[in-house]
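Welcome, and thanks for taking a look at this one with me. Here are a few points to read alongside the model.

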Amino acid sequence: MKRLVTVLVVLSLIVGGAFAQAKKQYKIGAAVYGLKAEYMRLWTTALERHPDVQSGLVKITVFDGQYDASVQQAQFENMVVQGYDAILFVPIDINAGAQAVATAANAHIPVIGSNTRVKSDQLTSYIGSNDVLSGNMEAEAVAKAIGGKGNVVILEGPIGQSAQIERRQGNLEALKKYPKIKVLEMKTANWSRAEALTLMEDWLNAYPGKINGVIGQNDEMALGAIQAIKQAGLNVKKFPIAGIDGVTDAMIAVKNNEMVSILQDATGQAQGALDLALRAVIGESYKPKAAFWKDVDWGKTMQKQYSVPWVPITQNNVDNLLSERQALTNR
Amino acid sequence: MSERERVSAKAEMSSRDQGKDGEARLKGIISEYGIVLVFFLFCAVLAFASPYFLKPKNLINVLRQVSINGLLSIGMTFVILTGGIDLSVGSILAFSSVVAASFVSTAFPGRTEAAPIGIAILASMGVAAVLGGVNGILVSRMKVPAFVATLGMLSMGRGFTFIYTDGMPIPKIDPSFLVIGQGTIFGFVPLPVVIFIIAFGVAWVVLYKTRFGRYVYAVGGNEKSAKVSGINTKLIIFFVYVISGVLAAIGGLILTARTTAGLPQAGQSYELDAIAAVVIGGTSLSGGQGDLRGTLFGALIIGVIGNGLDLLGVSSYYQQVIKGAIIVGAVLLDSFRKRND
Amino acid sequence: MNIPLLDVTGLYKSYVGVPALENVSFRLEAGTVHALCGENGAGKSTLMKVIMGIIQRDRGEIAVKGKSVHFISPRQALDEGVSIIEQELSPVPDMTIAENIFLGREGPGLSPFINYRSLNRRAGEILATLGVDLDPRTKMKRLRVAQTQLVEIAKALSYDSDIIIMDEPTSAIGAREIEKLFSTIRRLKAAGKGIIYISHKMDEIFDIADTITILRDGRIVEGGPAADFDRERLIRNMIGRKIDTEYVKNNVPRNELALEVRGFTRNGEFSDINLSVRRGEILGIFGLMGAGRTEFLNALYGVTRADSGSVYLGGEKVRLTAPRRALRKGIAYVTEDRKESGLVLVRSVADNISMAALRELSPFGFVQRRRELAKVDEMISRFSIKTPSSGQLVKRLSGGNQQKVVLGRWILIDPEILILDEPTRGIDVGSKHEIYSFISDLASEGRAVIMVSSELPEIVGMSDRVAVFKEGHLAGVVDRDNVSEETLMSMAV
């Protein structure tokens, strides 16, 4: 009896889903590595705000990869079977993702990478921000703020994801110029605020009074470090802390002088990626819709790489950025 | 036995069965084949809802995607039949897969060229057998409850994986290894599916045709009776955990080959799907009752639901709700059936 | 005239058509100890459970202090002033003595907080009256069985009930505590309370009881002032019945020793058991609950380990450290509780029968199904097991047929020595008879049979010799010529 009820529930969900697919449109899949942290949620929301999605020309289906490479692989296989027109890809693993790209490429489905790199030359194009540059920028900011000498700790992203690899590269390059700065600890907190909180607490206990600055390869982790410092009863404003991404809580923290951050343009990356996907599917007759193409060259033909610029968040622009963010996340 | 004796034997049976023969027979069929019927029902619904479902390519995808969980579920069936449970299969899968990767990858520190894949396979199965063996000893000899012992191994196994890889994925796997996850037979049957079918066949023979299989059922049905009957219950329990570990390793080999990297994050929560498949398939968590066919269809149902909902673009969160509902439904149906016995 | 504390009239209780109590009438006067005697299965526990409201009577009246009552739960009985010290001890192991004693009534009023000081103090007082030197804050799991029983007694006493039922209260405790218990009982008597005392220990009964009632097969057979009874009369009434079951006996013991046990001891369970069985002989083992018979068998078979002693098979010393070793030496063990340790209820008749013989039936690890089924069918017909097919789940068979399945399993391996623990317990008369003839046949084929039973007529009817266990010791071994129910019972109590 119970099983029958379950079947009926499933049935209605399925039939409901079936009816949701009404007219023929461009079917584009967005395979993102995970949706637990704010940045990818901003990315996804921005994608859905793209004018062509709003108009119904494009139907976007978001596939949550649950931080598991084999899940992303399976999702790619499913998209191939269903004959998706193009795929936007934010991989969890820089190497494993290549396999997924190959699967799509073999079926002649264009794949546009966004935000996170994958080691594949079968990618139709990649649009992202230069993570080495941002890693560089944030490390510089912290180094300068502690007067060029002292101890820093680095909170890293998931090991093996391109953002972690490149931001680390940027971090270490910048710090090399300051021989009097020592990196006490460098560990992954998997982009997670909660993990960073625990890690920072432990470090504060292990190195009392010795930590001078904190470099968080993303905002969530930097925010976690701020929490830890506050809960330890220390004055967070005495710790130069840097993050990357520009998530809402970080912008507020910047406003309160608790940290510095660099905005990653999720809208640019997401909508730009969709523009490139449509360019691949429709052809050069397609005109891009994302705002950031004002500053970046669309070009005569599709390039392999497009760079979305970083925007350092300062006291001057933080209010504007906050209201823009509001506009994006409100319906 | 004479006809008269058989008739009087029927009379001796519980009075509830008498007179309800027809209804009992229908119930019997439903409980025997219920899982198969439900599976085909789901397939029928999905075929109606999505034009892609019955496409051969899709069906093959489903089978390929099910093969890893299928392997884990086979091992889990053995364990649950003895009244135990193995929460560590995901971690064992991860550890053995990075061990395998470390042998066939030139990116692993200290390795200049890939070892023969045979070595990688043996090493990963060996390591998994050891971890499974530890589980087995804890449960059979030290009387640690299976839940606790394998929960500990879930943590430890994951820890070993991170220690071994220093937290980093192992890329650059030798192409010859990849065939395990990506090769095909006859041009279209994926190798993972073949591996699963072979493993299933072997498991079938072991469970239903050998003494060992009988002992597994006896130990699960009533450990004390089994012991008094001269069965080495400790050894049987030990071995089912080893089997579970080794099957997890095989799953890990396929996973590594499919994702072309040894990923220390792999396999998280895989034990839940394995347990779900076994439970949906009608195997009782108290042991001694259940079969592999049920597990097979349990795994297929999970795979089909996941695939179907993906095809329809339904969020993975709904999948989780539905999966949970099916598990509870299956168990309720099962206990309802038992109460009527 | 005084109203009796407890007045039971015309009580009837049956289980699925089998009568457990028939027309039982019983009266407990204030200020007296009324002893209730009878064999295992006579109905004593059933009667007490009905009085306590744990089970419900079919017919009859119960009056407490003149008021007609119908308890549907022990709580009601407790409220009306009836408490019981049960035979089966079931404390909460992780709680302390005081907590166990006052479980469910930790404090007056609705306050959620427990006043531990008061709890411990009160518990200490009760323990002191029993002469028990234990800290009420000790956790139950740390106590020995004897101490646990004392706590159980203390708990019943703490209710300060007018009627106290004591079911085998001294089975685990020593002489000193028994004395303390008895002086407490005398004090309670003086205070006008009434005590129903169930025990098979004759000495105690004659020491403490004012009145004695004897129960046999669910009926009252005799009752009266204790002064009118002596041991002989008591035993005779407990046992005496018409022997309506015929025992089949056609075996002749041979001279070879099949099994010999010397100095077998397991601390706390049994000590210094010396026994031997010859080929073709049926050795009966008799004893009351707690005598250590099943414990002895378990240790003999390797289910548990003896602390000292040795076992000889056919003259050769052997170490039976696990059942599978005993099995390989040709010993079979039909356990006391077929559902708990004999059968695998969820498996088929065939699976259960072939279970011990699988080694022979699967030479290369693969079970030879055809041979297996043939042998299973052989056993089904040999023991006339009534089942529609060998694939039938064993839990659907009647008790008698289930027992035959167990027998079939063990005979299949063709054992030299067959150990049976209560082989006809819970079985209908017809099947019993069948089983007796099987046992006899097996013995006459030259096997050695050890049969433990608490049914006197069975033991007397079937055995060539009977070993009597008493409180963990061997009270003696009696030859068939000298055996009688009275002799055995008097040795066992």
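Predicted model: local features only at pLDDT ≥ 70, side-chain atom pairs only at ≥ 80, totals over all residues.

1. Setting aside residues up to four places away in sequence, C:Val449 touches C:Ile282, C:Leu283, C:Leu418, C:Leu420, C:Ile439, C:Leu442 and C:Ala443.

2. Together with A:Ala225 and C:Ile419, C:Val449 is among the residues with the most contacts inside the largest nonpolar core, which has 347 residues. The element that gives the most to this core is helix α11 of chain B (residues 233–259), with 17 residues. As general background, nonpolar side chains in soluble globular proteins tend to be buried together.

3. Now have a look at where chains B and C meet. Chain B brings 29 residues to the contact and chain C brings 30 residues. On the side of chain B that touches chain C, the elements giving two or more residues are α1 (3–12), α9 (211–221) and α10 (223–228) of chain B. Sorted by class, that side of chain B has 9 nonpolar, 11 polar and 9 charged residues.

4. Finally, please turn to chain A, where A:Val281 is found in helix α11 (residues 266–282).

5. What does A:Val281 contact beyond its neighbours within four places in sequence? The partners are A:Tyr26, A:Asp85, A:Ala86 and A:Pro110. A:Ile109 lies 172 residues from A:Val281 in sequence, yet their C-alpha atoms are 9.0 Å apart in space.

Terms used:
Residues numbered from 1 in each chain as written. Chains lettered and ligands numbered in written order. Helix = DSSP H or I, 4+ residues; strand = E, 2+ residues; numbered from the N terminus. Contact = placed C-beta atoms within 7 Å. Core = buried A, V, L, I, M, F, W, Y, C linked by C-beta atoms within 7 Å. Buried ≥ 20, exposed ≤ 12 C-beta atoms within 10 Å, placed from the backbone. Nonpolar A, V, L, I, M, F, W, Y, C, P; charged D, E, K, R; others polar.
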